[in-house]
Amino acid sequence: MRALVSELVNEKVVTRLVDRDEPKIDDGEVLIRARFSSLNYKDALAVTGKGKIFKGYPRIGGIDVSGEIVDSKAPDFDFQPGDEVIITGCNLGEVYDGGFAEYVKFKAESVIPLPPSLTMEEAMVFGTAGFTAALCFQRLIQNDQTPEKGSIVVTGASGGVGTFAVKFLSQSGFQVIAISSKRERYDFLKSLGADTVCDMSGLSLGDRPLENVKFGGAVDNVGGNTLARLSHHINIYGNIACVGLAESHEMNFSVMPLILRGVSLLGISSNNCPMQLRQNLWQWLATELKPKNLHSFVSETGTLSNVCNLAEKMLKRQTWGRILIRCES
C-alpha cells in the first residue's frame, strides 16, 4: 500500500510517501480501506515537524479517515466487510498510524458506523473540524447559551472549525460576528450566515478586567491575549468555547469575568470525546446540522502525494475552509 510516513532523521521530521505492506490486525481491531481523509492544523504541524504531535516514530499522520471495513478481529462489534465507517481523533495519527494511507488498522471500539445520510466524502468534508465545531456548539447549548444573551464571536472564522461554527450558530438563530484576517473570505462567511465580518481590530476590545458587555459568548480558535480580552466583554453567564491556540497556548487574564459575571470557559477536546457523545454528534452532523451547501466548505482536494505541500500552505495561513484528501492512488 501507499502511505505517508514520517520519521525522525537526525532530530528532524522527514515525511515521505512510501510503499509498505498492508497492516496486520490484532484482536479487537479492524482493517479499513481508506477512501478519504482531511488536512487539519494538527496534521500540518505533525507532517512538517513544526509541532510535537507524533508520540513515536515512524508514524503515519492523519487524524481522521473514512472508508470501508476489509477485515475484523473484533467479534464484540458487528463490523462486516464493506461497512462504511468513520474515525476521528482517538489518537489516530498521533499515537497510532492514521488516515494518510490506503489502509488503516484501528481498535474497533473507536470506529463509528457512517450515518446513512452521509457519504464517505461528506464525512471527511466535516472531518475533525466539523466534528469539533459541533462539539463547541453542543457545549455552548449544554451550558445554556441562548441568542438572547447576545451575539457570538467566532475567531479564526475562515478556518475549518471556524467556518462550521459560523454556519451551525447562524442556522440555529444566533447572531454571529466572524473574525478573519482574510478579506477575500468575507463574502463566503456572510453567505454562511455571519451578520458581521471583520478583523480583530473591528471588535475594539479593551484591556480592563471588566469592560462594557458586547457579546453573548464566543468560539475561540486562537487563544492567547485574544481569548483573555474577549472574556472582558462577555455577558452575564455567557460562555467561551476554547478550541485553538493559533495565537498562543498561554493566557494571562483576570478571573473577574468568571467570578463577577459568571462567564464560563468551556474546554473543547475532540480527540478524547466520550464515545456515546461522539456517536450522537455524528448523527447530529448527518441530520440537523448538515448544511445544504456542504461541499462549498472545501477549498482544495489533495492526494497523499501533496499533503506536505498543502501542510506548508496551511501553516503560512494561505488556506481556508476544509482540505479534503483522497487516500486512493
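**View A. Lys313 is partly exposed, with a relative accessibility of 30%.** Here, buried means under 20% relative accessible area, exposed over 50%, and partly exposed in between (1.4 Å probe, protein chains only). What you're looking at is a predicted model, where local features need pLDDT of at least 70 and side-chain atom pairs count only at pLDDT 80 or more, while totals for chains, interfaces and linings use all residues. Residues are numbered from 1 along each chain as its sequence is written, and side-chain values use heavy atoms, with hydrogens and water left out. Glu300 is partly exposed too, at 25%. The two side chains, Glu300 and Lys313, meet in a salt bridge of 3.0 Å, N to O (a side-chain nitrogen of Lys or Arg within 4 Å of a carboxyl oxygen of Asp or Glu). Glu300 sits in strand β15 and Lys313 in helix α8 (residues 307-315), 13 residues apart (helices, H or I, of at least four residues and strands, E, of at least two are DSSP runs, numbered from the N terminus).

**View B. Glu328 and Arg35 pair up in a salt bridge, with their closest N and O atoms 2.6 Å apart.** Glu328 belongs to the segment after β16 (322-326) and Arg35 to strand β3 (residues 29-39), so this pair ties together parts 293 residues apart in sequence. Arg35 is buried, at 18%, while Glu328 is partly exposed, at 37%. The whole structure has 17 salt bridges.

**View C. Lys290 forms a salt bridge with Glu122, at 3.2 Å between the closest N and O atoms.** Lys290 comes from the loop between α7 and β15 (298-303) and Glu122 from helix α2, so parts 168 residues apart in sequence are tied together. Glu122 counts as buried, at 13%, and Lys290 as partly exposed, at 25%.

**View D. The largest nonpolar core holds 51 residues.** Such a core is a set of buried Ala, Val, Leu, Ile, Met, Phe, Trp, Tyr and Cys residues joined through side-chain atoms within 4.5 Å. Those with the most contacts inside this core are Val166, Phe168, Leu169, Val219 and Trp282. Its largest share, 13 residues, comes from α2. At least three residues come from each of domain 1 (2-117 + 290-326) and domain 2 (128-267), with the bounds taken from an automatic or database domain assignment. Zoom in on Phe168 and you'll find Phe126, Gly130, Ala133 and Leu285 among the residues it touches, leaving out those up to four places away in sequence (contact means heavy atoms within 4.5 Å). A second, separate core of 20 residues includes Ile25, Leu39, Leu304 and Val307.

View E. Gly98 is part of the loop between β6 (84-88) and β7 (103-107). Beyond four places in sequence, its contacts include Ile60, Gly61, Gly62 and Val104.

**View F. Ala46 is found in helix α1 (residues 41-48).** Ala46 is buried, with a relative accessible area of 4%. Val13, Gly51, Ile53 and Phe54 touch Ala46, not counting residues up to four places away in sequence. Ala46 and Glu94 are 48 residues apart along the chain, and 8.3 Å separates their C-alpha atoms.
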